[in-house]
Amino acid sequence: MNQPIKDKLGRPIRDLRISVTDRCNFRCDYCMPKEIFGDDFAFLPKQALLSFEEIVRLSRLYSTLGVQKIRITGGEPLLRRDLHELIRELNGIEGINDIGLTTNGLLLKKHGQNLYDAGLRRINVSIDALDDALFKSINNRNISASQILEQIDYAVSIGLKVKVNVVIQKGINEQEIIPLVQYFKEKNIVVRFIEFMDVGNDNGWNFDKVVTKSEMLSLIENEFEIEPVDPSYFGEVATYYKHKDNGAQFGLITSVSASFCSSCTRARISSDGKFYGCLFAEKNGYDIKSEMRSGKTDEELLTTLKYLWNIRDDRYSDERTEDTVMRRKKNKINMNYIGG
């Protein structure tokens with residue numbers, strides 16, 4: 001096993017998140033609000049995206065620096081044509097022992113079997129409400145919750161391990177927490193509730209819209225008999241709990257109220273081929289794509305990748321205050337480029 005390199009704060013590199021497209025077929029207000037990402041929005045042209053060959057090359061180099069896990073994100077990654085071919089190639093990289101994918105789930109029936117056959121075993125599916133009308137109002141594409149739930153059932157039926165992600169916004173969907181816990185408890189599927197984050201520049205975030213972990217946990221404890229679960233590995237972002245009666249688990253992700261910067265082991269490659277050391281990074285990503293396309297050798301690229309991690313000192317969630325939020329409000333990269 002390769003010895004992971006470490007950043008300025010002593011954090012090892014273990015995870016690589018790769019956004020394969022900036023496009024999405026949803027228009028959720030907290031990520032890609034329709035008022036900004038309208039029908040005439042100019043997404044990246046094909047040549048601006050990393051090719052599968054370039055993604056595989058980068059992933060292979062990162063594996064020699066300590067990366068063991070890769071997550072494919074977007075935008076909506078299932079919009080990237082022939083994504084299963086990329087999964088198959090990534091599965092062949094020595095040292096990579098876990099490949100995951102984050103999706104809104106709408107296209108799982110269309111692409112799920114090809115992805116499974118290519119070696120994908122884990123997916124995260126986002127669904128922010130069980131109530132159809134509310135879910136439609138969140139995704140702004142008239143997609144019902146029942147459509148996504150059917151896709152989740154299909155994914156489970158073909159052997160994919162599914163976790164469900166829910167972004168909770170005060171005044172929008174906190175009333176969905178208990179129904180979601182109950183529904184996925186009965187399915188024995190892990191559901192994770194995420195504090196509303198100030199990712200990107202366009203989601204209207206402020207502290208008043210955050211339902212904290214402690215608030216969510218209090219709601220759940222009032223309805224269910226639960227107990228905490230020990231972390232599975234260093235850098236795990238969710239705090240997990242299990243139901244005492246059937247052992248089903250759920251998680252809480254404290255992206256605002258309790259920072260996990262000190263154990264963050266994630267490097268991020270945006271859909272236009274730039275390196276970022278943080279989900280909340282400002283628009284100064286390092287252009288790795290240009291270096292690859294300029295003819296740099298693997299050894300030269302490795303030197304760059306190692307240097308970028310060695311100088312990494314991102315810890316935005318540790319530093320988040322009203323002042324820093326306002327000061328950096330228009331400088332952060334949007335989530336559709338950098339992945340969730």
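Where is the place of Asn-188? In this predicted model, Asn-188 belongs to the loop between H6 and S6.

## Helix H6 and the residue after it

Helix H6 spans residues 177–187, and its buried residues are Ile-177, Leu-180, Val-181, Phe-184 and Lys-185. Viewed down the axis of H6, these buried residues fall within an arc of 130°, so they line one face of the helix.

Asn-188 follows H6 and has a positive phi. The value is near 55°, in a residue other than glycine. Asn-188 has a relative accessibility of 54% and therefore counts as exposed, the cut-off being over 50%.

## Other backbone features

Asn-142 is located in the loop that runs between helix H4 (132–139) and H5. With 54% relative accessibility, Asn-142 is classed as exposed.

A cis peptide bond joins Gly-74 to Gly-75, with omega near 20°. Gly-75 is placed in the loop between strand S2 (69–73) and helix H2 (83–91).

## Aromatic pairs and a charge over a ring

The count of aromatic pairs comes to five. In one of them, the rings of Phe-26 and Phe-135 have their centres 6.2 Å apart and their planes at 75°; the pair is edge-to-face because planes over 60 degrees apart fall in that class. This pair links distant parts of the chain, its two members being 109 residues apart. Phe-26 lies in the loop between strand S1 (15–19) and helix H1 (52–65), whereas Phe-135 is in helix H4. Phe-26 is buried, at 4% relative accessibility, and Phe-135 is buried as well, with a relative accessible area of 2%.

Another aromatic pair is formed by Phe-37 and Phe-41, with 4.6 Å from centre to centre and 50° between the planes, a tilted arrangement. Phe-37 is buried, with a relative accessible area of 1%, while Phe-41 is partly exposed, with a relative accessible area of 24%. Ring pairs join Phe-37 and Phe-41 with Phe-43 in a cluster.

A charged side chain also meets an aromatic ring: Arg-121 lies over the face of Tyr-116, at 3.7 Å from the ring centre.

## Ile-5 and its contacts

Which residue is 304 residues from Ile-5 in sequence and 7.5 Å from Ile-5 in space, C-alpha to C-alpha? The residue is Trp-309. Ile-5 is found in the segment before S1 and counts as buried, at 10% relative accessibility.

Neighbours within four places in sequence aside, the contacts of Ile-5 include Arg-11, Pro-12, Ile-13 and Leu-65. Ile-5 is also in contact with Leu-305, Lys-306, Trp-309 and Asn-310.

Key
Residues numbered from 1 in each chain as written. Predicted model: local features only at pLDDT ≥ 70, side-chain atom pairs only at ≥ 80, totals over all residues. Heavy atoms only, no water. Buried < 20%, exposed > 50% of the residue type's maximum accessible area, 1.4 Å probe, protein only. Helix = DSSP H or I, 4+ residues; strand = E, 2+ residues; numbered from the N terminus. Arc of directions from axis to C-beta. Phe/Tyr/Trp six-rings, centres within 6.5 Å; stacked < 30°, edge-to-face > 60°. Lys NZ or Arg CZ within 6 Å of the ring centre and 35° of its normal. Contact = heavy atoms within 4.5 Å.
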